Amino acid sequence: MQQPKRLSTGLQLLRALAVGVIVVIIGLVFFKRGLKPMKSSDGITTLIAEGSDLCVSGQYDAGLPKLRQAITLAQNGHMQSAVADASWRLGEFLFNQLMERHAKPRHEAETVGRPYRIPKTEFSDIEAHLNKALEIDPAKFEALRLLGLVHCELGQYAKAIQLFEKAVRINEKFAPAYNDMGIAYFRLEQYELAREYFTRATDLDDTLAEAWLNLAILQGTDANEPTMADSYRKAVANFERFLSANTGTPAQQQLARARMQEITGKLATLKDAPK
């Protein structure tokens, strides 16, 4: 009766040894790779972060494919939240890339007073990704704001304002959306509303240089004689604030310097201008 017991004990030892060998092999594999076992969601989050960082640094050719890969992996894994996150970031950087590509021809056209409009078809992919993010998460206020920017570029200002308003209803401290509403109202020539929203943006975030630039441009258009000098002084101060932040595109900086010089000249001609 002792033989079966010894056989059972031997099999248990062999099983334990086999399990130990497998654990050691797995450990060695990850040690050599310098990695820890990673959940698929962790890998997607890493792809989104890496792709976003590359795009922020202007390396779109390297960053955009990572974001597209993250969307595919998230869809395959039925991770809807990750699909939404990757989709709005992809939409954001596609939009930024498009704006950068058209910055020079837009500036050249506007310099000679010619209107410039990007063809609607160039926004199709951007809209698709932003709408996908909002389909999954209607409260994604960043995507609402970006979709509003698309409609602004297409001249659809009423629709853009609706989207910006939705964004700030979700996040009432979302300064960029107030600045964007100011731009939309400025283009609709509703200057008091534009001033209100630019001011609201700077009140919420005094580091938002673009809002200071827009407020300065608006103040520089004041044609009301009793308030003109005060508006021009404020405009010059805000142009200086924008330029000292050393942010914005080269075109924005060039615009700020040119407008500041123009308004400084106008200010010098006013009777109550500082001597």
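Residues are numbered from 1 along each chain as its sequence is written, and side-chain values use heavy atoms, with hydrogens and water left out. Because the model is predicted, local features need pLDDT of at least 70 and side-chain atom pairs count only at pLDDT 80 or more, while totals for chains, interfaces and linings use all residues.

## Helix packing

Two packed helices are described by the angle between their axes and the distance between the axes. Axes are lines fitted to C-alpha atoms, for helices over the stretch in contact, and angles run from 0 to 180 degrees between N-to-C directions. Helices are DSSP runs (H or I, at least four residues), numbered from the N terminus.

Helix H5 spans residues 124-136 and helix H6 spans residues 141-153. Their axes lie 9 Å apart, at an angle of about 150°. H5 and H6 are therefore roughly antiparallel (the term covers angles over 145 degrees). The crossing of H5 past H6 is left-handed, meaning that the near helix is turned anticlockwise from the far one by less than a right angle.

On the H5 side, the contact is made by Ile 126, Glu 127, Leu 130, Asn 131, Ala 133 and Leu 134. H6 contributes Ala 143, Leu 144, Leu 146, Leu 147, Val 150 and His 151. Contact here means heavy atoms within 4.5 Å. By class, the H5 and H6 contact has nine nonpolar, two polar and one charged residues. Ala, Val, Leu, Ile, Met, Phe, Trp, Tyr, Cys and Pro count as nonpolar, Asp, Glu, Lys and Arg as charged, and the others, Gly among them, as polar.

H6 also packs on helix H8 (residues 175-187), at an angle of about 15° and with the axes 11 Å apart. That makes H6 roughly parallel to H8 (angles under 35 degrees). H6 passes H8 in a left-handed crossing. From H6, Arg 145, Leu 149 and Cys 152 meet Pro 176, Ala 177, Asp 180, Ala 184 and Arg 187 of H8. This contact has five nonpolar, no polar and three charged residues.

Asp 180 sits in helix H8. At 2% relative accessibility, Asp 180 counts as buried. Buried means under 20% relative accessible area, exposed over 50%, and partly exposed in between (1.4 Å probe, protein chains only). Leaving out residues up to four places away in sequence, Asp 180 touches Arg 145, Leu 149 and Phe 164.

## Salt bridges

The structure holds twelve salt bridges. A salt bridge is a side-chain nitrogen of Lys or Arg within 4 Å of a carboxyl oxygen of Asp or Glu.

| Pair | Closest N and O atoms |
|---|---|
| Glu 92 and Arg 89 | 2.9 Å |
| Glu 122 and Arg 101 | 3.5 Å |
| Lys 120 and Glu 127 | 3.9 Å |

Glu 92 and Arg 89 both lie in helix H4 (residues 80-111). They are three residues apart, about one turn of the helix. Glu 92 is buried at 18% relative accessibility. Arg 89 is partly exposed at 22%.

Glu 122 forms its salt bridge with Arg 101. Glu 122 lies in the loop between H4 and H5 and Arg 101 in helix H4, so the pair ties together parts that are 21 residues apart in sequence. Glu 122 is partly exposed, with a relative accessible area of 30%.

Lys 120 is partly exposed at 49% relative accessible area. Its partner, Glu 127, is buried at 14%. Glu 127 is also one of the H5 residues in the contact with H6.

## Single residues

Gly 51 belongs to helix H2 (residues 40-56). Gly 51 is buried, at 0% relative accessibility. Apart from neighbours within four places in sequence, Gly 51 is in contact with Gly 63, Lys 66 and Leu 67. The C-alpha atoms of Gly 51 and Ala 70 are separated by 9.0 Å, the two residues being 19 apart along the chain.

His 78 has a phi near 55°, a positive value in a residue other than glycine. His 78 lies in the loop between helix H3 (60-76) and H4. His 78 is exposed, with a relative accessible area of 70%.

Glu 189 also has a positive phi, near 65°. Its place is in the loop between H8 and helix H9 (191-204). Glu 189 is exposed at 59% relative accessible area.

How values were computed:
Helix = DSSP H or I, 4+ residues; strand = E, 2+ residues; numbered from the N terminus. Parallel < 35°, antiparallel > 145°, perpendicular 65-115°, else oblique.
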